[in-house]
Amino acid sequence: MRRAILAVLTAIGLAAIGAAPAEAVGTRYPFCLQGDEYPALSYCTFTSYEQCQATASGRFLTCIANPYYIGESEPPPAAYRPLPGRALPPAPGYGRY
C-alpha cells in the first residue's frame, strides 16, 4: 500500500514539473486580424499595420490594434509602478519569442 501511494505521489510530482504555466494569448504583437475567419483576438501575429493589411487584402477581414499589447519601451500602468528605489521583477516569459 505504501508503495502505491508513493508511486501516485511521484507521478503527480512529475506531471506538475512538466506542466507549462499559462500565458496570455495575443499579447506579443501590436496588430490583429479580425473577421469571420478569425473571431475576436485569435490572430494577433503582426508587427506592423501594413503587414496586417497585406494579409487581410481581398478577404473579409479587418486589422485592429491589439488592446492587450504592451510595447517594450512603454512603462507599466500606474497601478503597477514600483515604489521609489525599487524595480519590478521581469514577468515570466516576457520578451521571449
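**Figure 1. Cys 52 and Cys 63, a buried pair.** Cys 52 and Cys 63 are both buried, where buried means under 20% relative accessible area, exposed means over 50%, and partly exposed is in between (1.4 Å probe, protein chains only). This is a predicted model, in which local features need pLDDT of at least 70 and side-chain atom pairs count only at pLDDT 80 or more, while totals for chains, interfaces and linings use all residues. Residues are numbered from 1 along each chain as its sequence is written, and side-chain values use heavy atoms, with hydrogens and water left out. The two cysteines are joined by a disulfide, S to S 2.2 Å; the term stands for a pair of cysteine sulfur atoms within 2.5 Å. The torsion about the S-S bond is -105°, and the link of Cys 52 and Cys 63 is left-handed. Because Cys 52 sits in helix α2 (residues 49-56) and Cys 63 in strand β3, the pair ties together parts that are 11 residues apart in sequence. Helices (H or I, at least four residues) and strands (E, at least two) are DSSP runs, numbered from the N terminus.

**Figure 2. Cys 32 and Cys 44, a second disulfide.** The search of the whole structure finds 2 disulfides. Here the sulfur atoms of Cys 32 and Cys 44 are 1.9 Å apart. The torsion about their S-S bond is about 100°, so this disulfide is right-handed. The pair links distant parts of the chain, with Cys 32 in strand β1 and Cys 44 in strand β2, 12 residues apart. Cys 32 and Cys 44 are buried as well. If you number the bonded cysteines of the chain in sequence order, the pairing reads 1-2, 3-4.

**Figure 3. Strand β1 and its partners.** Let us turn to the strands. Strand β1 (residues 31-35) runs antiparallel to strand β2 (residues 43-46), and 2 bridges join them. With strand β3 (residues 61-65), β1 pairs in the antiparallel sense over 5 bridges. Two strands pair if DSSP finds at least two bridges between them. Along the sequence, the chain follows the pattern α-β-β-α-β.

**Figure 4. The salt bridge of Glu 37 and Arg 59.** The structure holds 1 salt bridge, that is, a side-chain nitrogen of Lys or Arg within 4 Å of a carboxyl oxygen of Asp or Glu. The side chains of Glu 37 and Arg 59 meet in it at 2.7 Å, N to O. Glu 37 lies in the loop between β1 and β2 and Arg 59 in the loop between α2 and β3, so the pair ties together parts that are 22 residues apart in sequence. Glu 37 is partly exposed, with a relative accessible area of 47%; Arg 59 counts as partly exposed too, at 32%.

**Figure 5. A nonpolar patch on the surface.** Met 1, Ile 5, Val 8, Leu 9 and Ile 12 form this patch, with about 560 Å² of accessible area together. Patches are made of residues with over 30% relative accessible area and no salt bridge; like charges are joined within 9 Å, nonpolar side chains (Val, Leu, Ile, Met, Phe, Trp, Tyr) within 5 Å. Accessible areas come from the Shrake-Rupley method with a 1.4 Å probe, and for residues only the protein chains shown count as cover. Ile 5 lies in helix α1 (residues 2-18) and is partly exposed, with a relative accessible area of 46%.
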